Amino acid sequence: MDSTMQWHKLLSSSRLVEAVPNIPDAGRTVFEKDFDKIIFSSSFRRLKDKTQVFSLVENDYIRSRLTHSLEASCVGRTLGTLVGSEIIKRHYAELQSFQARDFGDIVAAACLAHDIGNPPFGHAGEDAIQEWFKSAKAEKVLSLLSANQTEDFKKFEGNAQGFRTLVKLENRPSLKGLQFTCAMLATFTKYPREAGINSSLFKKYNAIDNNKSTKKHGFFQSEKDLFPQVAKEVGLIPRNQKAAWWCRHPLAFLVEAADDICYHIVDLEDGFQMGYITYQDAIALLHDILKDERLDIVTDETENIKYLRAKAIHKLITEVKQVFLDYEDKLLDGTFDSPFTTEIASGEKLKEIIDITRKNVYESCEVVEVKIAGYEVIGGLLEEFIAAISDENLSKSYLMKKLIPNFREQEDIYTKILQVTDYIAGMTDSFAVSLFKKIKGISLPRGGR
């Protein structure tokens with residue numbers, strides 16, 4: 001890689017369809033419009049009933065995917081604005097038409113959407129989809145696909161589903177999606193590559209061991225024609241000419257950092273609220289990040305944790321900002337590819353927090369039980385719907401396909417499977433459980449007039 005990304009291209013406000021102009025709006029910038037479109041989308045609203053850590057919990061204090069996304073967006077806006085202010089000073093001749101808020105708005109919108117493609121039951125939902133397609137039940141239908149199409153499902157990714165949601169599923173007639181800016185779409189894409197890349201190419205870049213942005217794929221074969229348009233418009237650096245594979249947009253690292261900061265610190269707080277982490281442990285871990293800062297502690301334990309959580313997030317934002325500025329050159333030439341949270345001064349403390357949270361919260365009976373239920377529900381739904389589109393049971397398949405919104409019978413088998421995964425990935429936890437019970441005959445829909 002011998003080229004360098006340029007900020008004026010990275011901040012491109014162009015959209016995927018050239019026929020759709022950016023209409024001037026005195027009240028909002030184009031990047032603020034991106035943010036607003038996500039807020040008003042149905043896919044975003046459904047995050048209110050999708051698992052963050054605790055699923056279907058009755059405690060209103062505990063975060064869902066919706067509240068997590070909103071919090072990550074707040075952190076992302078601050079990070080982007082702070083970084084943008086310094087980047088504009090460094091490259092004023094190139095960026096004099098931009099403002100620091102543009103950086104903040106791009107990152108905020110990408111953070112807001114970062115979980116929009118996640119299926120029900122959190123990461124267990126992703127795992128359940130992957131495992132079903134790796135099972136013997138899927139062999140017949142997958143044998144009809146290309147190798148890369150098969151990898152889309154065997155390594156199903158919420159990130160790739162998110163890109164598909166933004167550019168296609170939240171659509172308007174005859175247009176590609178909601179028409180987000182290329183800058184936001186590139187910043188959203190944490191893993192700018194397709195699935196099924198030859199392992200020898202990975203070894204060339206040490207991707208299996210070192211590179212964070214190549215761990216997963218960020219778009220399906222169905223969107224393989226669209227992401228290159230985004231990459232070209234913003235000037236991402238290609239990693240290899242034989243595969244759809246690029247270096248990350250530099251601001252994507254801020255999206256990842258905002259997500260990491262929130263789930264590290266907030267999952268600790270939620271674990272305390274649910275009784276899985278003691279007050280003493282939570283206080284000690286947050287104190288370790290804040291070190292010698294003066295802290296005003298009151299008698300109410302919950303208020304103390306909330307106060308220290310806010311202070312810790314502020315401290316981490318400051319550290320991440322500095323790492324970005326220190327590594328700007330390497331971010332622009334594509335040679336930096338590590339999470340910022342491993343590079344900051346508090347990196348080891350964050351690792352301690354996630355280790356304790358994993359042991360006490362993620363492996364608690366309540367969380368594990370929900371994950372197991374997720375495997376059963378999602379696996380059961382996939383089995384029924386994939387059988388239906390494969391016509392394995394002609395008498396039942398006609399009825400099952402009626403349940404898939406706007407199902408298109410004339411499509412090829414790859415697209416039919418995508419219609420199924422689109423439907424299931426878009427479900428809330430509650431809807432998935434309810435539908436599973438109904439189609440399995442465990443409960444019946446209530447009729448009435």
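The model is predicted, so local features are taken at pLDDT of at least 70 and side-chain atom pairs at pLDDT 80 or more, while totals for chains, interfaces and linings use all residues. Residues are numbered from 1 along each chain as its sequence is written, and side-chain values rest on heavy atoms, with hydrogens and water left out.

The protein chain has 22 helices and zero strands; both are DSSP runs numbered from the N terminus, with at least four residues of H or I for a helix and at least two of E for a strand. Of its 449 residues, 56% count as buried, where buried is under 20% relative accessible area, exposed is over 50% and partly exposed is in between (1.4 Å probe, protein chains only). Take the contacts (heavy atoms within 4.5 Å) with a separation of 6 or more: 74% of them link residues 24 or more positions apart.

Next, the cores. A nonpolar core here is a set of buried Ala, Val, Leu, Ile, Met, Phe, Trp, Tyr and Cys residues joined through side-chain atoms within 4.5 Å. The largest has 90 residues, and Trp7, Phe324 and Phe340 touch the most other members. Neighbours within four places in sequence aside, Trp7 has contacts that include Ile87, His91, Phe103, Pro250, Phe324 and Leu332. Another core, of 36 residues, lies apart from the largest one, with Trp132, Ile378, Phe407 and Tyr423 among its members.

Grid points are joined across faces, edges and corners, and a volume is the space filled by probe spheres set on the points. The largest pocket comes to about 970 Å³. It is lined by 43 residues, and His123, Asp260, Tyr263, Ile354 and Tyr362 sit closest to its centre. Several helices give two or more residues to this lining, including H4 (65-90), H7 (122-134) and H14 (252-273), but H18 has the largest share, with seven. Sorted by class, the pocket lining has 12 nonpolar, 13 polar and 18 charged residues; Ala, Val, Leu, Ile, Met, Phe, Trp, Tyr, Cys and Pro count as nonpolar, Asp, Glu, Lys and Arg as charged, and the others, Gly among them, as polar.

Thr428 sits in the loop between helix H21 (413-425) and helix H22 (429-439), and it counts as buried because its relative accessible area is 12%. Its side chain makes a polar contact of 3.4 Å with that of Asp49 (a pair of N or O atoms within 3.5 Å; within protein, one must be able to donate a hydrogen and the other to accept it, and residues adjacent in sequence count only if both atoms are side-chain atoms). The Thr428 side chain also reaches the backbone nitrogen of Phe431 at 3.1 Å. Phe436, in helix H22, is buried too, at 15% relative accessibility. Its C-alpha lies 9.1 Å from that of Glu376, 60 residues away along the chain.

How values were computed: On a 1 Å grid over the protein atoms alone, a cavity is a set of points where a 1.4 Å probe fits but cannot get out, and a pocket is an open set with protein on both sides within 12 Å along at least five of seven lines; lining residues have an atom within 4 Å of a point.
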